[in-house]
Each structure stands twice: as structure tokens, then as C-alpha cells.
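Me: Can you walk me through the inside of this protein? I'd like to go through the packing, then any holes.

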Amino acid sequence: MGVLSKINRARKKIQKKITGGASKVLDKLVPNELKPLLPYAAAFMPYMLGPAAGMGGSQGIMALLRRGLLTGALPNAVAQLAQEGNEGELNPLSLAMATGSGIFSGQGAGDMFRGAMNPGEAVPIPGGNMPGQGMGGFKYDASGISGLDKAKNFMLKGGAKLADTAAGAGKILRDPFAKNTSLLDIAKVGAVPFSQATGDLAYAQGVKQLKDFNAAEAAEQVATAAAQAGFDQSYIDAITSSMGDYGYNQADIDEIINMYGFANGGRVGFAMGGGDFSEPDFISMREVVENVGNDEMMEGIMSSEQAFNMGGSVLPQGMEMDYRGGGMIPMGSKERADDVPARVSKNEFVMTADAVRAAGGGSVNKGAQRMYQLMNNLEAKA
């Protein structure tokens, strides 16, 4: 089960890398008022474009598959990714249904399914006894067909019926005002694409609501744990704001805040004084920055020493960052604000945010990863 979970997580991660960017672009390009209409446009598209659309002027299974992808799956994927709150997720069932709509409504789909059936052995039909009467043709004996062929014929026959139904639906939808076409006929043939589009919208809304619920619940848990550990809401807001400025989503922010030690507590309080500060007590902060490439960022250490009060700091009174071993600084109100008290040592060198960004070609996260790699390579030579 663990292996399957890892494979599924890897698949989702790869999918989001591919579709996440497309979702962000579509979210910016498509007006919010049009987003709910896209699933309906995508669902009706295979029927409205005509049976030959997407087939490239050819026939056969490959032409139908190409039509299914171009007129069904692709518009469906665009409609899903453009929905509010989508972060690259795709509903595979909806994609499969859309592909099927494109295939079954394609030109010659019914004949292709019927032609692939095994009718059995051809048996000649005798001709008449009168002069000039020849053979009477052929009939097919299906008694010798294997069970596997019978099952295949059953599925192909069902596919042919679906294709004939889809072809008839497309004909009605493309010309709803044709003679002898009633409103009931239009409603019947439009029920399938309309239901699929409505289901896609409901699915997208459900996913968004689940994300919002999880984010709200996580934020509440973090706030409760932080309050118990001695942190106030202004500190949590400062971390959330600064992380958001760097492009982190709420799930990443919640995970990072939890890594600061809120969940496990730690020596943070002492608001009323007291305690031995001769040896600072540190709280572990593993993977402060979100996974970059290899899912590993060097660990940072948060100090809870409170022998002094750092005015204007985004950290609680008396707390500072311990970067004697190097590391990325992800918090702070903004760049060059000098509001993150940090512990450094003699002969160390601190890079500016612009330098980190330039090292990553415009990405702070990539720049931080390259800085870590550079630091590790140079330390190995020391």
C-alpha cells in the first residue's frame, strides 16, 4: 500500500507540474463570468462540430481516436483547468467520457464497430432449380463462434448502437429547427452532454470547497497550537503574508508554520521573565522552505533565546534565527526590511534577496537551491 501511495503521489506531482501552469494561465485569461460556461461548451463541442471534425480526412480507429482527443478530451481538460480554485487537477472520469463522446459521434463510427464483429462462418445459400438461377448468396453460421468472440461481438454491437445514437444526437443538435424535430427530441439528445457539464461544475466546486475547508481547518489548528506555545496572531499573519509574497499556497504555508514547532511545543514563553539563558535552547525547523526539486532543503534553526528584545522584528520578543550553518530565510515582511534577527558568525557571507533571485533565473526557490548546492560544494573543498 505504501508503494502504491508513493506512486500515486509521484503521479499527482508530475501531473500538477504539467497542468498547474496551464491552470494559472487559464485562470488569468478566462473571465470569471465565462468559466461556468466552459464545461457546457466542451461537452457539446463533439456534437456541434460535425462528424468529420478532428479526423483529418481519414477513416478508421486512429482517426476516431484523434477526433476523441481533439474534440472531446482537450476541450474538457481546458474547461476543468480554467475553473476557479483549480491547481492542475483533472477528473479522469470526465476526460474519459469526453473522449468517448468525440469517438462515438465521429463519422463512420457505427460502421467501424459493426465491421469489427465476427459474424461466423459464411455458408452458401443454394440457388433455384430453374434454368438461369445461380447461387442464392451467403448466410452466416454463428454456432462455431468462441465465447471470447461472442463477448467481443456483444461489446461491439453495443458500441455500434452508442455510435448511431451519438450520430443522431449530433444531427439534431446541429439543426434543431429541422422538420419533424420536436423540443422533446432536442431535450433527449442534449441530456447527456448537459449532465456531464453539470457534473463537471459540481465536481470542481466540491474540490474547491474541500480545499477551502482543509485550509481553514489547518489555519485554525495552527493558530490554536501557536497560541498555546506563546505566539500571537500578528506573528502568524506576518509569516503567512511573507510566504504568500513568495508564491506559496495556503497548504505550503500551513506545513511550514507547523514545522516551526507549533505542533510539538517548545521553549517559547517566558513572557514574565525567568529561565537560564546561558545556553540557548533551539527548536528544530526541518525543511523550512517548500520542497524544491529533490524535496530537500537544508535545515534552519529557530532560537528561542530571550535575553533581549529585538524591536521591529517579525519574530516574537527575544527570538532570532540561527543561521550559523547557512540557510534560506523565508520569513519577513519584505525584502531589505531588516526585520528578521539572525545569528551569524565571523567570516560568513550573506547574500541579498536579489542575488538569490538572480541565481535562480528569477525564482527565489531555485536560487536558494543553487545557493545550497554551491555552499555544499565549496564546504566539501575546504
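This is a predicted model: local features need pLDDT of at least 70, side-chain atom pairs count only at pLDDT 80 or more; totals for chains, interfaces and linings use all residues.

Me: OK, holes. How many cavities of 30 Å³ or more does a search of the whole structure find?

Reply: One. The space in this largest cavity is about 170 Å³. It is lined by 17 residues, and those closest to its centre are Gln80, Gln83, Asn86, Tyr203 and Ala204.

Me: Which helix gives the most to the lining?

Reply: That is α7, with five residues. At least two lining residues each come from α2 (38-48), α3 (61-81) and α7 (183-229).

Me: And what is the lining like by class?

Reply: Seven of the lining residues are nonpolar, six are polar and four are charged.

Me: New topic, glutamate 89. Where is it found?

Reply: Glutamate 89 sits in the loop between α3 and α4 (92-104).

Me: Buried or exposed?

Reply: Glutamate 89 has a relative accessible area of 18%. The cut-off for buried is under 20%, so glutamate 89 counts as buried.

Me: What does its side chain reach?

Reply: The glutamate 89 side chain reaches the backbone nitrogen of glutamate 87, at 2.8 Å.

Me: And which residues does glutamate 89 touch, not counting those up to four places away in sequence?

Reply: Gln15, Lys16, Gln80, Leu81 and Lys211. Of these, Gln80 is also among the residues closest to the centre of the largest cavity.

Me: Last one, threonine 99. Where is its place, and why is it called buried?

Reply: Threonine 99 is in helix α4. It is called buried because its relative accessible area is 18%, and buried means under 20%.

Me: What does threonine 99 touch, again not counting residues up to four places away?

Reply: Threonine 99 touches Gly68, Leu69, Gly72 and Ala73.

Key:
Residues are numbered from 1 along each chain as its sequence is written. Side-chain values use heavy atoms; hydrogens and water are left out. On a 1 Å grid over the protein atoms alone, a cavity is a set of points where a 1.4 Å probe fits but cannot get out, and a pocket is an open set with protein on both sides within 12 Å along at least five of seven lines; lining residues have an atom within 4 Å of a point. Grid points are joined across faces, edges and corners, and a volume is the space filled by probe spheres set on the points. Helices (H or I, at least four residues) and strands (E, at least two) are DSSP runs, numbered from the N terminus. Ala, Val, Leu, Ile, Met, Phe, Trp, Tyr, Cys and Pro count as nonpolar, Asp, Glu, Lys and Arg as charged, and the others, Gly among them, as polar. Buried means under 20% relative accessible area, exposed over 50%, partly exposed in between (1.4 Å probe, protein chains only). A polar contact is a pair of N or O atoms within 3.5 Å; within protein, one must be able to donate a hydrogen and the other to accept it, and residues adjacent in sequence count only if both atoms are side-chain atoms. Contact means heavy atoms within 4.5 Å.
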